Amino acid sequence: MSVQLPHRGGSLRRWFEDRTGLGAFLDSVASIPVHGGAGIGHAFAAAAGALLLVLLSTGVALALEYVPAPDEAWASVWWIQHRVTHGAFTRALHRTAGEALLVVLALHVGRALFAGSYRRPREVGWWLSLGMLALVLAALVTGMRLPWDQHAYWALRIELGVAEALPGGGLLGQMLGGAELGRTVLSRMYALHAVVLPLGLVACAAMGVWIATRHGRVAGPHSDVTRVEPYWPRQAAVDGAFVFVVLLAVLLVAAFVEVATLGSPADPTRHHPARPEWFLMPLYALRAALPESVGALAVGIVPGLLALWLLALPWLDRGGPGLRARLPWAAPVLVLFCAMGALAVASVVEDANDEEHQRALAEERRRAERASELAAGGIPPDGPLAMLARDPWTRGRELYEQKCNGCHGLDGRRGEGEIHAPDHTGFGSRAWLLGLLLDPEAPHYFGRTGHAEQMPSQRRLGEENLRAVVEFLYAQAEEPQDPGEINAALAARGERVLRDRCLGCHLFRGEGDELGTGGPDLGLYPSRTWIARQIAEPGARTQYGALHRMPAFGDELTREDLEVLTAFVRLQRFREPRAGQSTRDGREPR
């Protein structure tokens, strides 16, 4: 069965044909015998080829901007995502095309399994299909680790841990650069993803086309095996239509679905409960369902046995023609996939109902959003982790949760200890300060400290004097970069009221405390300087002196951590206290 495509052109076409034989090759492709007649089942290979072209083209575009170094990988992906024209779409298209290629190849292999395409003389074509499936899986895994965010880093640690538990698995770790996940591992994964695996895929695809020209396309499980027709034109039309639908779906998903997100920068010191991608979820679920001693081994043995079974099918299946004869060999694969799929679904449902896991994911999303916001202002030369380490809303919050949240409340959250210190939600804001003056004995102020009775309510000052004192205290913590304005006249009046009415119990710039109660110096309260002193040395005379019950953290925190924790506490002045926090009876101050 031979088909000749219409060739137009004169001497130039003949010159090119004499030197390349491209026309003859296209004629041989057009003449590929399609057993069973044209149909969608034969179109998976064409869709895989089209998706491979999309992957290669988008991969080249991304490689122009990506930097495979731990300190720069995250930053380069952020740059692609937010600064390169259509970079986010290109990245989403690359990932979506890769996952679509995996699905299409799986369908192609599944059809070949039930159609008996592994039988003589098509064994090599069958092995090539399995090889492409394995290469795409490897390309997806290596590619999804390149952003070097929290998910990529911790998922890679889990995967290498599983690999090392297998016989000979330590060799894989050594090939990637050893147990230390750093520049060597990342650069070798990038080389695999960007060079080695694409070359293998292109080679397998080219050999697959060549083998198809020799043996044709096998009939489907329910096709008329006596019917044979050339590839051109009917199957070519079916392939074209199917490729169009697949590419359109990939484009729509890449454009409108958030598939290629970027987490926070990889931090080896901060654990993240990573879960594998959907195509590896069955193996994760299998490992989780088994005892730890055998889980990792099973994750290697089950795929290995499946691969051996599929590779050996050309020799194992010596039965007659027809689906019924092939079913005993294909059924175990189908049963295994169904069982593994059920395990994966159960694992996903369990994670969805795990409150601790969901909180960890929510915290990671918050951290990722903050990292992206900071990156928009410029990533420092020492990398994105250093950027986060200097950020009060990131590192400061972490330090607060470690050092302060056991006694203090914030945003309605608390640590494991009993709260017996002021709630810092809105600390230093006008509303917080006014609530403190109106009702210092309230539980969210000093009501749980044991010395609340030493400061009575200041309602006796009157509303105007109260607001003046609040404005003065708020102005003391003002810095040039702060938003909003200070009422200077009101603040000046507040200073006069404070000097006149508060120095019986408090110091003010070293003077006062006439009654000897030991109240803190209000000269800098609640400025950055005052907060830093309170964290480092709460027993100092400028702070709470003998009244304090707060541990000193001056020796526990580095200078940088003290600065960032101080900044975080100070930033609470720009947030409103929680409802009901300002007065004992739950009413907000007027």
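Is Glu398 buried or exposed in this predicted model? Glu398 is buried, with a relative accessible area of 13%. Here, buried means under 20% relative accessible area, exposed means over 50%, and partly exposed lies in between (1.4 Å probe, protein chains only).

The model is predicted, and local features need pLDDT of at least 70, side-chain atom pairs count only at pLDDT 80 or more, and totals for chains, interfaces and linings use all residues. Residues are numbered from 1 along each chain as its sequence is written, and side-chain values use heavy atoms, with hydrogens and water left out.

## Domains

The chain is divided into domain 1 (25–361) and domain 2 (416–574). These bounds come from an automatic or database domain assignment. Between the C-alpha centres of domain 1 and domain 2 there is a distance of 60 Å. Another separation is that of Trp232 and Phe568, which are 336 residues apart in sequence and 69 Å apart in space, C-alpha to C-alpha. Trp232 belongs to helix H10 (residues 231–256) and is partly exposed, its relative accessible area being 43%. Helices (H or I, at least four residues) and strands (E, at least two) are DSSP runs, numbered from the N terminus.

## Salt bridges

Side chains of opposite charge can pair when their charged atoms come close. A salt bridge is counted where a side-chain nitrogen of Lys or Arg is within 4 Å of a carboxyl oxygen of Asp or Glu. By this rule the count comes to 31 salt bridges. The table gives examples.

| Salt bridge | N to O distance |
|---|---|
| Arg395 and Glu398 | 3.6 Å |
| Arg573 and Asp482 | 4.0 Å |
| Arg559 and Glu560 | 3.3 Å |

Arg395 and Glu398 both lie in helix H16 (residues 392–403), three residues apart, about one turn of the helix. Whereas Glu398 is buried, Arg395 is partly exposed at a relative accessible area of 22%.

The side chains of Arg573 and Asp482 also meet in a salt bridge. Arg573 lies in the segment after helix H21 (559–571) and Asp482 in the loop between helix H18 (463–476) and helix H19 (488–501), so the pair ties together parts that are 91 residues apart in sequence. Both Arg573 and Asp482 are buried.

In the pair formed by Glu560 and Arg559, Glu560 is partly exposed, with a relative accessible area of 46%, and Arg559 is exposed, with a relative accessible area of 56%. Salt bridges that share partners join Asp267, Arg270, Glu363, Arg366, Arg367, Arg395, Glu398 and Asp561 into one network.

## Nonpolar surface and a buried threonine

Leu12, Trp15, Phe16, Leu22, Phe25, Leu26 and Val209 make a nonpolar surface patch of about 670 Å². Patches are made of residues with over 30% relative accessible area and no salt bridge; like charges are joined within 9 Å, and nonpolar side chains (Val, Leu, Ile, Met, Phe, Trp, Tyr) within 5 Å. Accessible areas come from the Shrake-Rupley method with a 1.4 Å probe, and for residues only the protein chains shown count as cover. Helix H1 (11–20) and helix H2 (22–30) each supply at least two residues of the patch.

Thr96, in helix H5 (residues 87–115), is buried, with a relative accessible area of 9%. Contact means heavy atoms within 4.5 Å. Apart from its neighbours within four places in sequence, Thr96 is in contact with Val250, Val253, Ala254 and Val259.

## Cysteines

A disulfide is a covalent bond between the sulfur atoms of two cysteines; here it is taken as a pair of cysteine sulfur atoms within 2.5 Å. By this rule the count comes to zero disulfides. Cys505 is in no disulfide, and the nearest cysteine sulfur, that of Cys502, is 8.5 Å away. Cys505 counts as partly exposed, at 25% relative accessibility.

## Backbone features

The peptide bond from Arg120 to Pro121 is cis, with omega near 10 degrees, and Pro121 is placed in the loop between H5 and helix H6 (123–143). Tyr525 and Pro526 are likewise joined by a cis peptide bond, with omega about -10 degrees. Pro526 lies in the loop between strand S4 (511–512) and helix H20 (528–536).

His86 is not a glycine, yet has a positive phi of about 60 degrees. His86 lies in the loop between helix H4 (73–82) and H5 and counts as exposed, at 61% relative accessibility. Arg509, also a residue other than glycine, has a positive phi near 55 degrees and lies in the loop between strand S3 (507–508) and S4.
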